[in-house]
Amino acid sequence: MNERPHIANMHSAIIKTLKASTAAAILVCLASGVSELAMAQQAGPGGEADVPAFAPGMIKHMQAMRGFRDADRGVQPTPAVIPRFEIDQDPSGTIATFQPGAATFPFNNAFFQNLGTNGRTCFTCHQPQSAWTVSAADVAARFKASAGIDPIFRLVDGATCPSADVSTLAAKRRAYALLIDKGLIRIGLPMPAGAQFQVVSVNDPYDCTTNPTTGLTSPTSGIVSMYRRPLPSTNLGFLSTIMWDGREPTLASQAKDATLGHAQADAAPSDAQQAQMVAFESGIFTAQEIDRKAGALHSDNATGGAVALSLQLSNFFIGVNDPLGQNPRNVPFNPNIFDLFKPWLGLGGGGGDTRQRLSIARGEEIFNTTKINITGVGGLNDALNTTSIPGFCGTCHDTPNVGNHSVKAPLNIGVADAGAKSPPALDISGLPVFTLRCNDGALAGNIFTVTDPGRALITGNCADIGKVKGPILRGLAARAPYFHNGSASTLPDVVNFYDQRFGIGFTREQKSDLVNFLNSL
């Protein structure tokens, strides 16, 4: 807690010396969304040794999709500068981005440059006002303002399928419906060679996976198309896993794939360009700065906001606070993950800001202390061979004051389920439904019905069906909807899902407090 005065002083200095920009930005589905194209991956100049197994098929698919021509043209607008400290409005108040080093000038940084053929840059699908991803609300506004010609609206992955009809404005609205309504990008991945499972059937409203031109050519070959939220390209120093399914080995390989895939580039970015992309996205920190009702989230000794978050990085290492014994320093797990607003628990007075601050602080306590009976979670209960695990929110969100898992730990909590096991409180309408049958391994004979096979499309293992990583929890208020498939429109939907899925029994006040806390991250 002795850092708190120092953090407050840093905030004062930054706000006095820097004029915060309120201009919105956009970042591309290039640097942190869903890419897989040019995985000449980590091979560096002339080498191919580290190319992931999925990459050649993914690259071939994405390049072939260039056959579906975009009639729309236009290049992504770019701001003149990304200030050292930038604030933008979001639905809950103000989101901030902080660069500890210096401001960034996009004109000479590859992250903001048009390196492809469709007008996109890394600044198309990752916007600072949306915590360096995209929100469904912002995408809808961009569609309306541009009549669907903004560079984010490209057939290759913005449409439900590259073959979609975009001949009229109404047709475009249908083609880009998942992007507009849920902020989802199409991810096309090849069926892994030697997979333990096959695709028995697909309920595909877009005829993308079911069409051999764009999808499967047999139950065990071809391309499977899922729809996922682009991940934020900020706070990346805290990552333990890159991409929802953990498919990318490094940020450089991800940047390369994104350029060749999302931007449909003719050539991979150079090593220097990749380094620029990675340096920018690794050098920014984003968090909620001001709550509309509570005010500044770093006042009265609280340590919310982007500046305070940047100071947490020196304490992070892979395995920090891991609950299952993977902490290399052998420090016991502490379920008290967040201590940002603990000083507010003792506030007095009856003003609106005080009431909101007390609610936020109570929500933090609920997150830290609520006991959860963890059952049926793939990657936990099966891995530990136990039907019930006594846990907390922090069992899966263990990185202190950040909230992701500090080691690679893809889990299946049921968000990807469909059919009879459809997740409670979530909206999975509009997503394709895959029926998968396991033919080999310990799960042979089992049938899975899911909207997304998850990490299984990378490993080929039945045990990985439906598994994805848990994302960083900072900047949540700015980037609805939630979960990898956008099935939670709001944070109350997220809380209701967990409450029903694990039978927690939150009261109405507890739910309200927890949502207020999550909105303040």
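The crossing of α6 and α7 is right-handed, a crossing being called right-handed if the near helix is turned clockwise from the far one by less than a right angle, and left-handed if anticlockwise. The model is a predicted one, in which local features need pLDDT of at least 70 and side-chain atom pairs count only at pLDDT 80 or more, whereas totals for chains, interfaces and linings use all residues. Residues are numbered from 1 along each chain as its sequence is written, and side-chain values use heavy atoms, with hydrogens and water left out.

Helix α6 spans residues 251–261 and helix α7 residues 271–282, and their axes come within 9 Å and cross at roughly 115 degrees (helices are DSSP runs of H or I with at least four residues, numbered from the N terminus; axes are lines fitted to C-alpha atoms over the stretch in contact, and angles run from 0 to 180 degrees between N-to-C directions). That angle makes α6 roughly perpendicular to α7 (65 to 115 degrees; angles under 35 count as roughly parallel, over 145 as roughly antiparallel and the rest as oblique). Leu251, Ala252, Ala255, Lys256 and Thr259 of α6 make the contact with Gln274, Met277, Val278, Glu281 and Ser282 of α7, contact meaning heavy atoms within 4.5 Å.

In the second pair, helix α11 (residues 491–501) packs with helix α12 (residues 508–519) at an angle of about 125 degrees, the axes lying 9 Å apart, and the two helices are therefore oblique to each other. The crossing of α11 and α12 is right-handed; here Leu491, Pro492, Val495, Asn496 and Asp499 in α11 meet Lys511, Leu514, Val515, Leu518 and Asn519 in α12.
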